[in-house]
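Could you look over the charged side-chain pairs in this model before we discuss it? My comments are set out as numbered points below the structure.

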Amino acid sequence: MDAAIMGPGGEWLPDARWIALFGDETALPAIARILESLPEETSGVATILISDAGDVQHLNTTSSVAVRWLVRGDGISLLDELKKLRIPDVDRFVWIASERSEVNEARNILVARGIQRAEMRVASYWSR
């Protein structure tokens, strides 16, 4: 039997002065890598959904991106937070990775809010 381990890729980073990152536990390694690589002048928010408050951890970044932790079961979802997000009109980027149906709905929400394809990246990391 063969096994392989993959980590967050290193070939891509958002190129915008304001970014929003959304993901569940499966996206945490990628979010951590993106935050660590962002320039100081980048602002925005990273919203991470976790199963337990004990899973909160420190994420390194020199950027001004605020990190928010949501605990699953508290009546808050990534999609609820995405719908409430105040998105600038220009120089923006939204990244989301989570369960497939959630990501598909997130894409629809972003398109309805006028976010262009080049201003977003959505990835399904797993299926329910």
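1. The model is a predicted one, and the count of salt bridges in it comes to 5.

2. Arg 72 and Glu 25 meet through their side chains in a salt bridge, with 2.8 Å from N to O. This pair links distant parts of the chain, 47 residues apart, since Arg 72 sits in the loop between strand S3 (64-71) and helix H2 (78-84), while Glu 25 sits in the loop between strand S1 (18-23) and helix H1 (28-37). Both partners have intermediate accessibility: Arg 72 is partly exposed at 36% relative accessibility, and Glu 25 is partly exposed at 27%.

3. A salt bridge also joins Arg 68 to Glu 81, where the closest N and O atoms are 2.7 Å apart. Because Arg 68 lies in strand S3 and Glu 81 in helix H2, the pair ties together parts that are 13 residues apart in sequence. Arg 68 is partly exposed, at 35% relative accessibility, whereas Glu 81, at 9%, counts as buried because the cut-off for burial is under 20%.

4. Arg 68 and Glu 81 also belong, together with Lys 84, to a network of salt bridges.

5. For the salt bridge between Glu 99 and Arg 128, the closest N and O atoms are 4.0 Å apart; the cut-off for such a pair is within 4 Å. Glu 99 lies in strand S4 (residues 92-99) and Arg 128 in the segment after strand S5 (120-126), 29 residues apart. Glu 99 is buried, with a relative accessible area of 4%, whereas Arg 128 is exposed at 76% relative accessibility.

Terms used. Residues are numbered from 1 along each chain as its sequence is written. This is a predicted model: local features need pLDDT of at least 70, side-chain atom pairs count only at pLDDT 80 or more; totals for chains, interfaces and linings use all residues. Side-chain values use heavy atoms; hydrogens and water are left out. Helices (H or I, at least four residues) and strands (E, at least two) are DSSP runs, numbered from the N terminus. Buried means under 20% relative accessible area, exposed over 50%, partly exposed in between (1.4 Å probe, protein chains only).
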